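Subject: Model for your backbone check

Hello,

Here is the structure for your files. Please open it alongside this email while you read the notes.

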Amino acid sequence: MKLISFLNQGVPSYGVVNGDDVLDLTPIMGAQAPDLKTLIAKNLFSAAADAAKAHKPTLQFSQLQLLPVIPNPGQIFCIGLNYGEHVLETGREVTETPVIFLRLADSQVAHGQDIMRPPESHRLDYEAEIAVIIGKGGRRIQEADAWDHIAGYSCYNDGSVRDWQMATSQWTPGKNFYKTGGFGPWMVTSDEIAPAQVMRLQTVLNGQVLQDTTTDKMIHSIPRQIAYISTFIPLSPGDVIVTGTPGGVGNKRNPQIFMKPGDVCEIVVDAIGTLRNGIRDDA
């Protein structure tokens with residue numbers, strides 16, 4: 001099942017996607033699940049699937065103004081340096097534990113929205129990643145149990161302002177410029193993707209493939225990430241883990257390639273779909 005968050009006549013809503021048809025779940029689920037995060041927290045996926053069978057869709061995906069898949073995440077954890085080729089191109093070393101940094105919700109945009117290049121820097125880079133959305137929360141989750149804590153998966157572009165990121169040893173500013181991270185188009189529920197299923201992810205910028213890898217090449221697996229993060233802080237339903245980017249980032253190419261106004265950047269994951277964002281200058 002594919003689930004999205006969107007605006008319906010200016011009002012936040014969420015629904016089930018089937019091709020170009022969308023069933024708005026907000027009036028159906030009512031107060032028991034007013035948004036996708038609540039539906040996840042209450043594990044109402046069966047009710048959503050039943051609603052999709054019982055009701056006729058009235059909206060079209062192509063006509064909607066989407067929101068980031070989870071518009072109101074409690075926490076967004078990002079994993080750095082999690083593919084060998086990316087570690088090599090950065091000149092760093094593989095670490096025994098995952099490299100973690102945080103993103104803020106306001107740094108994100110939805111599928112179909114423009115990523116904003118800030119006037120403070122033109123070194124706006126792309127990073128293809130897979131986002132994991134937590135379903136069942138917990139503390140000190142064991143790796144063997146981690147798959148049971150996943151609600152679903154999405155595509156993510158961890159857009160990075162490289163000079164601000166590398167100005168100090170702390171990456172927060174360069175990873176959190178307003179509206180630089182793409183998140184979408186939808187969440188594919190975990191029952192559609194088998195545990196440890198190998199997924200292929202790519203960055204396609206203006207039709208050119210610049211990143212291309214498979215998830216079996218992760219240094220720290222998804223269960224390892226969940227176990228590690230939940231050791232130092234509880235995970236909650238709707239939290240997001242962005243699982244790392246492969247080699248081929250623009251900052252390490254010769255010549256360098258950065259996203260610029262007028263570009264179209266796509267993050268393609270074979271088991272999930274395609275996240276598409278334009279690029280424009282932030283006024």
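Predicted model: local features only at pLDDT ≥ 70, side-chain atom pairs only at ≥ 80, totals over all residues.

Residues are numbered from 1 along each chain as its sequence is written, and side-chain values use heavy atoms, with hydrogens and water left out.

As background, most peptide bonds are trans, and most residues other than glycine have a negative phi.

Cis peptide bonds

The bond from G184 to P185 is cis, with omega near 0 degrees. P185 belongs to strand β14, residues 181–189. (Strands are DSSP runs of E with at least two residues, helices are runs of H or I with at least four, and both are numbered from the N terminus.)

A cis bond also links N254 to P255, where omega is near 5 degrees. P255 lies in the loop between β17 (240–242) and β18 (264–269).

Positive phi

L81 is not a glycine, yet its phi is positive, at about 55 degrees. L81 sits in the loop that runs between β6 (76–80) and α4 (84–90). With a relative accessible area of 13%, L81 is buried (under 20%; exposed is over 50% and partly exposed is in between, using a 1.4 Å probe and protein chains only).

N206, also not a glycine, has a positive phi of about 55 degrees. The loop between β15 (200–205) and β16 (208–214) holds N206. N206 is partly exposed, its relative accessible area being 45%.

Regards
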